[in-house]
Every structure is written in structure tokens, then in C-alpha cells.
Amino acid sequence: MMIVVGLGNPGRRYQGTRHNVGQEVARRLADRFRIRLEADGWVAAGRARAGSATLVLAIPGTYMNVSGQAVKDLLRRRRRRSEDLLVVHDDLDLMLGHLRLRPGDGAGGHNGVRSIIEELGTGAFPRLRIGIGRPPAGQDPAEFVLERFTAEERPKIDEAIDRAAEAVVVAATEGLAAAMNRYNRRPPGSLEPPAGAPDQSGANSAQRLPPSGTPNRRGANSTQRLNTP
């Protein structure tokens, strides 16, 4: 069994924003397998079969900064370990539409992933990162991730969401290494980043999101959540 968690913020206000592409991948998979994501503790979840593999697709009902609470509760109730988890999330340090599938490592400046690591006490879980691009010079990254994609960007991110959904299925049915070999490549027609521009977790952390526990939107309490146990 693979538990696929698509990160994002809850509510219509955040639908379609850069920070919610992880959620969009989970929903795309739910549509592909024709299943409904229904309330299940602190997540909306559904179960699907991909060949001989079982996928549990889940979207936390918590705000991004406290995603770990929902993920920890889900793993406990499903009696699964962190190694059974695949977290799908946005990444500022990847060019728009690029994918990076990796086994466990650090938070990479992402508050949702940081929350999961803190709650589980380990970073030993795979994650699939989707590039959302960098904010314009002078713009706060915390505001940028809460914006919606432009009309020009939307086709590229839709294609990336489709490829990310495919990567999840390959990881579940053929293994993480096979999926990494197939999808950790630049999309056809994409340009190389300028020399010295980061596209992985080595970017200056000062340009990233604020530490866990701070609001991730203006006026939003990072401890607020939609669902209660």
C-alpha cells in the first residue's frame, strides 16, 4: 500500500493556487481511478487499485503549516509507516512544471513537509516536488505561493500535474527508482535555468517560506484546521 498525500490549503479561497498543486495531483488521480475523496478523520481520502498496488489518496483538511497532524493521524489509523508515504507538494526551487521525485531528505524550506517531519520524527518518506517557479524580484515568496497561475502558466502546470499523477502510479506499481528514472527529467522543450540559478534544495533559505508555526497567509492562524479528530 502507498499512501499518497497531496499538500495544500483547504477551502475554495486557495483552489488553483501555486501552493495547492499537490492537492491537484491527488484529485487528478481520484478522477483517473473514478473514486471519491471523502472525509476520513483529518483528511479527505479514497482507496484505489493500480495493478497489484493499493493507493490511498489523501488531502489534509488542515492548513499547510500543520499538515503533519493530519498525516500522522492517517498513518496511525491505517497502521502504516513513514516509508509507505508519498508526499506531493509545490517547490519554489524548481522551474515551472519540472518534477523531482526523491526518497527521504529534509524539508527543503517547505512548511508542509517540515510539519510532517516534525510530527513523524523522521524525514524518511518519499516526496514528489512540482516546480511552481520563482517569484518576481522583490515579491514575498509567502504571498507568491498563494497566487493563482497566470493564463500562460496554466497549460504548463496542468501538463505537470498529469505527469506527476503518472509518476505516482509508476512509483506504486514499478517502484520509486523506476519512477525517478522516468520522470526526473526536464519536460520536452523546456529551457535550462540560467547559470547559477538553483532548481533544487540548495537555494538561499532566506528567500523561502517563513518557519513552521508562522501564518501562511495574512491573518491566518497556522494552528487552524477544518476537520477535528
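Which residue in E3 is the bridge partner of Asp 40? Select Asp 40 and look across to E3: the partner is Val 43. Keep in mind as you go that you are looking at a predicted model.

Now widen the selection to residues 38-40, which make up strand E2, and residues 43-50, which make up strand E3. These two strands pair in the antiparallel sense, with 3 bridges between them. Their hairpin has 2 residues between the strands, and Gly 41 there takes a positive phi near 70°.

Next stop: residues 53-60, strand E4. E3 and E4 run antiparallel too, and 8 bridges join them. Click on Arg 47 and you can find its bridge partner in E4, Val 56. Then go to the turn: the hairpin of E3 and E4 also has 2 residues between the strands, and this time Gly 51 is the one with a positive phi, near 65°.

Time to zoom out and show every strand. What order do the strands of the sheet follow? Trace E2-E3-E4-E1-E5-E7-E6: that is 7 strands in an open sheet with mixed pairing. At the edges sit E2 and strand E6 (99-102), each pairing on one side only.

Where does a parallel pair turn up? Select residues 85-91 (strand E5) and residues 127-131 (strand E7): they pair in the parallel sense over 5 bridges.

Key:
Residues numbered from 1 in each chain as written. Predicted model: local features only at pLDDT ≥ 70, side-chain atom pairs only at ≥ 80, totals over all residues. Heavy atoms only, no water. Pairing = 2+ DSSP bridges. Helix = DSSP H or I, 4+ residues; strand = E, 2+ residues; numbered from the N terminus.
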